[in-house]
Amino acid sequence: MYTQRTKAKFEALKGGDPIVMGIESSCDETAVAIVRGRRVLANIVASQIDIHRKYGGVVPEVASRSHTDVIVSCIDEALYKAELTLDQIDCIGVTYGAGLIGALLVGVSAAKAICFARDIPLVKVNHIEGHICANYIDTDLKPPFISLVASGGHTAVYKVNGYNDYEVVGATRDDAIGEAFDKVARLLGLPYPGGPQIDRLAKEGKPTIKFYKHAKGVSADLSLSYSGLKTAVVNFLHNARQKNEQINVPDVCASFTAEAVDLLVDTTIVAAKREGLKTIVLAGGVAANSYLREKLKVEGEKNGFTVLYPPLSLCTDNAAMIAMRAYLSAVEGKDYADLSLNARPSL
């Protein structure tokens, strides 16, 4: 049977140097990558930004169908670029959560089909852990360290105890920071995706607007919240428009960015101090935000921490990070999956 035969193959990968294919389809990027160790042999990303821009955001059904259209060609292109065949792939890692259910199922189904047909071991990958693992690519980073994950769907601070050991030490109670960026961008009439647009305009403005009258500070349990800030921006814009006041969009972007990011950075610094760790890494789509990268670097080093973050191409969704996560699982014999693997959108 597949599960018996391939389980033995998977066990044989322990302590080795397997060639791993990663498949990512959790939202609006169809991606396939191949890695060996911390070296990327191929990293293919088919973006759906142009498709969803006219809707102002990701439409789940449209995303799923788009994944179906291009998943096979992405696999073929990754193999071609890496100059490999499927027979040379030692295992396949696939994102099975978190994400959009229909989108996830495309990647999971493709991975299971290939693994069954070619008798290749399958590794299940947590998307959030994948983002953290982007920091291992082409570096000598080793656990333990603190990781801040900031994206459209997730905002949390993790203590990474080992390559396969993750512990949440603080997280948002409501909205993710990336979702707040997207909502504010829509309110300002900026095109999708909103995060990069706010980042660009914030550089032209000044953080002169105080959406909260009093600073809240870092909470005792290291939890975060962005629904209040989002509502404050909504009210500010609504009141200004009701009074026919001119809105300085760059200043709004700069002010919102500062309030959204500063507390996030402060919380991460406190977490690192509490855990007694000296390294902080940044991960997730919002890790591409220039103010966050600069602020975390400055504040981290001011407090004696080493701060690392991936190149911009590895911040947004990609399969290299998924393949990297699967590689770390395979060499330790973790997260093996059989053909019963299903998507878990709320993982």
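So, look at helices α9 and α10: they cross in a right-handed way. This is a predicted model, by the way. Helix α9 covers residues 249-275 and α10 covers residues 290-302, and their axes come within 10 Å, crossing at roughly 35°. Who meets whom there? On the α9 side you have Thr257, Ala258, Val261, Asp262, Leu264, Val265, Thr268 and Ile269. Facing them from α10 are Tyr291, Leu292, Lys295, Leu296, Glu299 and Gly300. Sort the residues of that contact by type and you get eight nonpolar, three polar and three charged.

Now, over to the sheet. As a reminder, strands in a sheet pair through backbone hydrogen bonds, and they can do that parallel or antiparallel. Here we have an open sheet of six strands, with mixed pairing, in the order β3-β2-β1-β4-β5-β11. Which strands stand at the edges? Those are β3, residues 39-47, and β11, residues 336-337. Each has a single partner strand, so one side of each is left without a neighbour in the sheet.

Further in, β1 (residues 19-24) and β4 (residues 91-97) run parallel, joined by four bridges.

Helix α3, residues 60-82, packs on it and touches β1, β2 and β3, with its direction at about 25° to that of β2. Then helix α4, residues 101-118, lies across β1, β4 and β5, and runs at about 155° to β4.

Last stop: some backbone details in the loops. Pro143 and Pro144 are joined by a cis peptide bond, omega about 5°, and Pro144 sits in the loop between α5 and β6. Tyr192 and Pro193 are also joined by a cis peptide bond, with omega about -5°. You'll find Pro193 in the loop between α6 and α7.

Then there's Leu222, in the loop between α7 and α8. Its phi is near 60°, a positive value in a residue other than glycine. Is Leu222 buried or exposed? Its relative accessible area is 4%, so Leu222 counts as buried, the cut-off being under 20%.

Asp335 also has a phi near 60°, again positive in a residue other than glycine. Asp335 is in the loop between α11 and β11. With a relative accessible area of 28%, Asp335 is partly exposed.

How values were computed
Residues are numbered from 1 along each chain as its sequence is written. This is a predicted model: local features need pLDDT of at least 70, side-chain atom pairs count only at pLDDT 80 or more; totals for chains, interfaces and linings use all residues. Side-chain values use heavy atoms; hydrogens and water are left out. Two strands pair if DSSP finds at least two bridges between them. Helices (H or I, at least four residues) and strands (E, at least two) are DSSP runs, numbered from the N terminus. Contact means heavy atoms within 4.5 Å. Axes are lines fitted to C-alpha atoms, for helices over the stretch in contact, and angles run from 0 to 180 degrees between N-to-C directions. A crossing is left-handed if the near helix is turned anticlockwise from the far one by less than a right angle, and right-handed if clockwise. Ala, Val, Leu, Ile, Met, Phe, Trp, Tyr, Cys and Pro count as nonpolar, Asp, Glu, Lys and Arg as charged, and the others, Gly among them, as polar. Buried means under 20% relative accessible area, exposed over 50%, partly exposed in between (1.4 Å probe, protein chains only).
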